[in-house]
Amino acid sequence: MKPNTANLPVLTGCGFRPSARLRPRTALEIGTSPWSIGCETMDRDYVDFDQVGPHLGELGATQVRLQAGWAKCDLGNGVYNWEWLDRIVDSCLEQGLKPWLQTSYGNPAYEGGGGIGLAQGLPVSPNALAAWDNWVRAMSERYVDRVDTWEIWNEPDIHQAMTPEEYTTFFIRTASILREVQPGCTIVGLALACHLDFAKEFLSSLANRGRGDLLDQISFHWYPHNPEDSLDQTAELAALVKKYVPHVTLREGETGAPAETREFLALGKFEWSERKQAAWNLRRLLVHHSHGYPMSLFQLADMQYTKAKGAKFEGRNAKGQLCINPDMTVAYRRPSYFMAQHVFSVFDNAYPLKALENLSAADPVRSYAYAWRKKGEEFPALGAWWRADEAPALETPKED
């Protein structure tokens, strides 16, 4: 693979001289790390796994977030189609990535089964809920030796699709089945879009019902224009978790920048370029690692949303590390792909995932500086510093 050297002229112009070039490592070579890559929306065919899947292992993330797609698996009356999900799960494992599966969304094959996409509601009818239970059980039994981490629903707080009490009841229902089939599995809750009041009510309700034992992790999905701006929000969420379910840990379950200016979904109101995407994602990855939070980068490939089968959204979501053609084939790997390769190759489990001191905290201009110490080493081996008072620029700044 030809290395990406686009920024070398700028760096050398500033006086830097390369001493070596990093060879990115594959997921199989890395083994374990705190990094996930998002492969969402394949349950609705917004991305073609057969086209993008071969690029997974070389990226270097060692975990992958997948939406299991009740509507795509359950064709009605308990007739299941597992072939598509088997193919994805098995390919990820073969390439060295450990899948975590999200149980979502609704299923129009059942009356009262909810919609197939974001913010389209939970199943509510007795028949649909029974079908949901059967699917969750069948799926967890099928993948018991391949998947041990499960996430329950996606962004239940967005667009007032449900109340916290409704989600709590649904979470307990689903998590109880998963725990019964896989007592030692990890269960991730909320996949929170942005509403801390929703999280507070869920956590307090779960604790009051005495079912905090069903929850292992909380995932959150912040999309600030400045990639460091969600730290206070994350700290508030951590305080809520400590109050109600202190054994639970946090993970960033979904965040990433678009590569094109399009008024579509998260961060769509801002201007974007491939350079800005790569810089934003780089700062986002490092700020999470410096604060001790595992992160899933959203996402591997551009997504083409359609309104088929009652879905609400239509348009191109260009947050991919892979640029995708209209026919869903891969056009090329974006600069952000190569950036992520390097971060994933360096920050494996040799650099412990823990909160670090901000070395520039006393700086009058808000900025971030961190130094990482490798396991077993006395002194830091890696450092990063960046101005954090604004989002990255669309183009690489030129020397005056």
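A crossing of two helices is right-handed if the near helix is turned clockwise from the far one by less than a right angle, and left-handed if anticlockwise. The exercises below use a predicted model.

**Exercise 1. At what angle do the axes of α11 and α12 cross, and which hand does the crossing have?**

Solution. 
- Find the helices: α11 spans residues 274-290, and α12 spans residues 335-346.
- Take their axes. They come within 8 Å and cross at roughly 20°.
- Angles under 35 degrees count as roughly parallel, so α11 is roughly parallel to α12.
- Now the hand: the crossing of α11 and α12 is right-handed.
- Look at the residues that meet. From α11 they are E274, Q277, A278, N281, L282 and L285. From α12 they are P335, S336, M339, V343 and F344.

**Exercise 2. How many strands form the closed barrel, and in what order do they run?**

Solution. 
- Count the strands: the closed barrel has 8.
- Follow the order: β1-β2-β3-β4-β5-β6-β7-β8, with parallel pairing.
- Zoom in on one pair. Strand β2 (residues 63-67) and strand β3 (residues 98-103) run parallel and are joined by 5 bridges.
- Within this pair, R65 stands opposite W100 in β3.
- Then look for a helix. Helix α7 (residues 126-142) lies across β3 and β4 (149-152), and runs at about 170° to β3.

**Exercise 3. Which residues touch the most other members of the largest nonpolar core?**

Solution. 
- The core holds 108 residues.
- F171 and I218 touch the most other members.
- Set aside the neighbours of F171 within four places in sequence. F171 is then in contact with I152, I187, V188, G189, F202, L206, L214 and L215.

**Exercise 4. Where are the residues E155 and L265, and is each buried or partly exposed?**

Solution. 
- E155 is in the loop between β4 and α8 (164-181). Its phi is positive, about 45°, although E155 is not a glycine.
- Buried means under 20% relative accessible area. E155 has 7%, so E155 counts as buried.
- L265 lies in the loop between β7 (249-255) and α11. Phi of L265 is also positive, near 55°.
- The relative accessible area of L265 is 31%, so L265 is partly exposed.

**Exercise 5. Which residues does a cis peptide bond join?**

Solution. 
- Y105 sits in the loop between β3 and α7.
- Another joins F298 and Q299, with omega about -5°. Q299 is in the loop between β8 (295-297) and β9 (303-305).

Note on methods
Residues numbered from 1 in each chain as written. Predicted model: local features only at pLDDT ≥ 70, side-chain atom pairs only at ≥ 80, totals over all residues. Heavy atoms only, no water. Core = buried A, V, L, I, M, F, W, Y, C linked by side-chain atoms within 4.5 Å. Buried < 20%, exposed > 50% of the residue type's maximum accessible area, 1.4 Å probe, protein only. Contact = heavy atoms within 4.5 Å. Pairing = 2+ DSSP bridges. Helix = DSSP H or I, 4+ residues; strand = E, 2+ residues; numbered from the N terminus. Axes fitted to C-alpha atoms, helices over the stretch in contact; angles between N-to-C directions. Parallel < 35°, antiparallel > 145°, perpendicular 65-115°, else oblique.
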